[in-house]
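Here is a short report on one protein model. Look at the structure first, then read on.

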Amino acid sequence: MKQILWFRRDLRVSNSALLHYAKNEVLPIFIFDKNILDSLPKDDRRVTFIYDSVLKLKKSLKTLGLDLAIFYDEPIKVFEKLKNEFDEVLCSVDFDSYAIKRDKEVEKLLPLRRFNDSFILNPNEHLKSDGTPYKVFTPFYKSLNLITEASSIEEYKLNENIRLSSFAYDNTPSIKELGFEKQELPSFLYKDAKSLLEEFLLKIESYQEDRDYFYKDATSKLSAHLRFGLISAKEIFNIVKKSNVNNYEFFIRELFWREFYNYILFHFPNSEKENFNGIKIEWNKDEEDFKKWCEGKTGVPIIDAAMIHLNQTGLMHNRLRMIVSSFLTKNLFIDWRKGEEYFALKLLDYEASSNIGSWQWSSSTGADAAPYFRIFNPYTQSSKFDKEGIFIKSVIKELKDVDARLFHTENALSSNLFFDYPKAMVDISLSRKRAIELFKKAKDES
Ligand code: FAD
């Protein structure tokens with residue numbers, strides 16, 4: 001039996017389903033998928049992150065006496081080359097709509113054995129007693145009994161009896177050959193996921209209290225590592241649960257929002273493009289308004305700082321994601337899909353299910369979404385979670401000597417003669433009122 005171990009979004013050797021279930025002679029592979037890469041901007045930071053992670057995986061596999069064949073091609077073409085030499089392909093399941101289509105094509109050439117190794121749960125399991133999927137987070141989460149149950153989640157041990165197949169493969173392409181420029185990444189991304197987790201365990205007890213203060217370093221910063229499987233979600237769960245720390249439940253709960261959104265997208269694939277709750281909304285289609293939001297030129301300091309920071313680094317704190325998405329969908333009344341697409345282009349940790357689910361949450365169109373009248377006031381938010389304006393000043397350097405109180409009052413900056421800051425593009429209370437009326441009308445009509 002000769003097997004291909006197709007690494008995709010599980011770029012690790014520790015706790016790997018592929019290395020656990022593999023037998024005898026294997027060829028570990030990674031494919032830089034031309035269909036995806038050709039659609040990305042040449043300065044996409046994620047390509048640098050994946051590229052570095054793939055090289056690290058190759059190195060780790062070598063320490064096990066294996067290796068990684070790295071291809072730059074369309075997956076189907078790679079498997080056309082390999083199909084006569086191998087009997088089956090082992091991979092971890094990928095629920096993205098493109099991945100589902102791709103895997104179906106590959107399956108026509110070679111049998112594909114999928115393992116649930118990118119998420120903790122298999123979305124096919126854990127249905128309600130009536131056999132339908134959960135749509136609300138809390139009962140979904142409670143039904144799992146994760147905190148009270150003593151047992152840990154199954155982990156995967158390496159099968160030490162596997163050996164590298166003798167198949168000759170091409171050399172590793174350079175990042176330039178993939179058509180990309182190497183990008184500078186935020187420094188924490190260079191740390192391995194387990195060290196990040198260890199650092200986080202030292203502050204996990206104050207996570208619940210501190211996690212919304214976006215100028216603090218209070219969260220795990222594990223999302224990009226999780227996205228590409230540099231650590232397994234199951235392993236995070238087990239490590240946290242076995243550690244001697246208090247008050248970790250809140251963190252586990254957040255980890256399960258990732259599971260929940262994956263579960264929702266799996267059971268309701270239409271929610272990738274359509275309002276989950278089915279309401280019909282006439283969104284504002286003004287492209288200039290959208291552009292101002294994207295570029296951080298709204299005249300609302302906290303929104304501008306968050307968007308500029310995203311454009312410069314690929315990062316955005318969860319609370320800021322909630323504030324800018326509420327502003328786009330409720331104050332500017334622009335379709336959540338536009339925001340979702342923009343985040344998909346920019347976020348280092350972009351994950352379709354979490355992004356879609358969270359955008360639908362913010363725009364009150366999703367499963368277990370925010371009620372439509374819950375609209376963040378960006379000024380109240382910045383005064384509550386960054387009173388001294390530390391985050392805003394760190395991003396918009398021209399404002400570093402400004403009295404932070406000016407950030408938290410509508411148009412206080414633009415009316416100050418000493419600064420060249422635009423007037424807010426929208427009146428917060430008027431736009432809030434209009435959004436509530438429009439959402440109410442849409443709800444009543446659906
Ligand atoms: P921590 O607070 O340390 O949380 C630990 C892990 O739990 C995260 O790494 C993440 O995997 C998961 N998690 C936490 N909060 C959420 C949540 N609300 N929804 C789903 N999973 C969560 N997260 C992504 O990973 N990819 C996305 O594309 C994405 N898009 C988002 C878009 C919007 C509009 C909003 C409001 C949230 C989005 N999130 C997304 C969720 C959340 O903002 C990030 O997971 C979090 O900021 C990552 O930082 P962290 O790893 O330090 O999180």
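## Reading a crossing

A crossing is left-handed if the near helix is turned anticlockwise from the far one by less than a right angle, and right-handed if clockwise. Keep that in mind for the helix pairs below. The model is predicted.

UniProt lists residues 1-127 as "domain: Photolyase/cryptochrome alpha/beta", in an unreviewed entry. In the model, this span is 37% helix and 23% strand. The end C-alpha atoms of residues 1-127 lie 36 Å apart.

## Helix 4 and helix 5

Helix 4 covers residues 75-82, and helix 5 covers residues 97-107. The two pack at an angle of about 20°, and their axes are 10 Å apart. Angles under 35 degrees count as roughly parallel, so helix 4 is roughly parallel to helix 5. Helix 4 passes helix 5 in a right-handed crossing.

Which residues meet here? Helix 4 brings Pro 75, Ile 76 and Phe 79. Helix 5 brings Arg 102, Glu 105 and Val 106. Sorted by class, the contact of helix 4 with helix 5 has four nonpolar residues, two charged and no polar ones.

## Helix 6 and helix 11

Helix 6 spans residues 137-144. Helix 6 packs against helix 11 at an angle of about 110°, with the axes 11 Å apart. Angles of 65 to 115 degrees count as roughly perpendicular, and helix 6 and helix 11 are therefore roughly perpendicular to each other.

On the helix 6 side, the contact uses Phe 137, Phe 140 and Tyr 141. On the helix 11 side, it uses Arg 253, Phe 256, Trp 257 and Phe 260. Six residues of this contact are nonpolar, one is charged and none is polar.

## Helix 14 and helix 16

Helix 14 and helix 16 pack at an angle of about 60°, and their axes lie 9 Å apart. That angle makes helix 14 oblique to helix 16. Their crossing is right-handed.

Helix 14 contributes Arg 321, Met 322, Ser 325, Ser 326 and Thr 329 to the contact. Helix 16 contributes Ser 358, Trp 359 and Ser 362. By class, the contact of helix 14 with helix 16 has five polar residues, two nonpolar and one charged.

## Around the ligand

Which residues come nearest to the ligand? They are Thr 219, Ser 220, Ser 223, Asn 355 and Ser 358, out of 28 residues around the ligand. Ser 358 also belongs to the contact between helix 14 and helix 16.

Four helices each supply at least two residues of the shell: helix 9 (223-227), helix 11 (249-267), helix 14 (318-331) and helix 16 (352-362). The shell divides into ten nonpolar, ten polar and eight charged residues.

Notes. Residues numbered from 1 in each chain as written. Predicted model: local features only at pLDDT ≥ 70, side-chain atom pairs only at ≥ 80, totals over all residues. Near = placed C-beta within 6 Å. Nonpolar A, V, L, I, M, F, W, Y, C, P; charged D, E, K, R; others polar. UniProt positions renumbered as here; feature names shortened; annotations may be inferred. Axes fitted to C-alpha atoms, helices over the stretch in contact; angles between N-to-C directions. Parallel < 35°, antiparallel > 145°, perpendicular 65-115°, else oblique. Contact = placed C-beta atoms within 7 Å.
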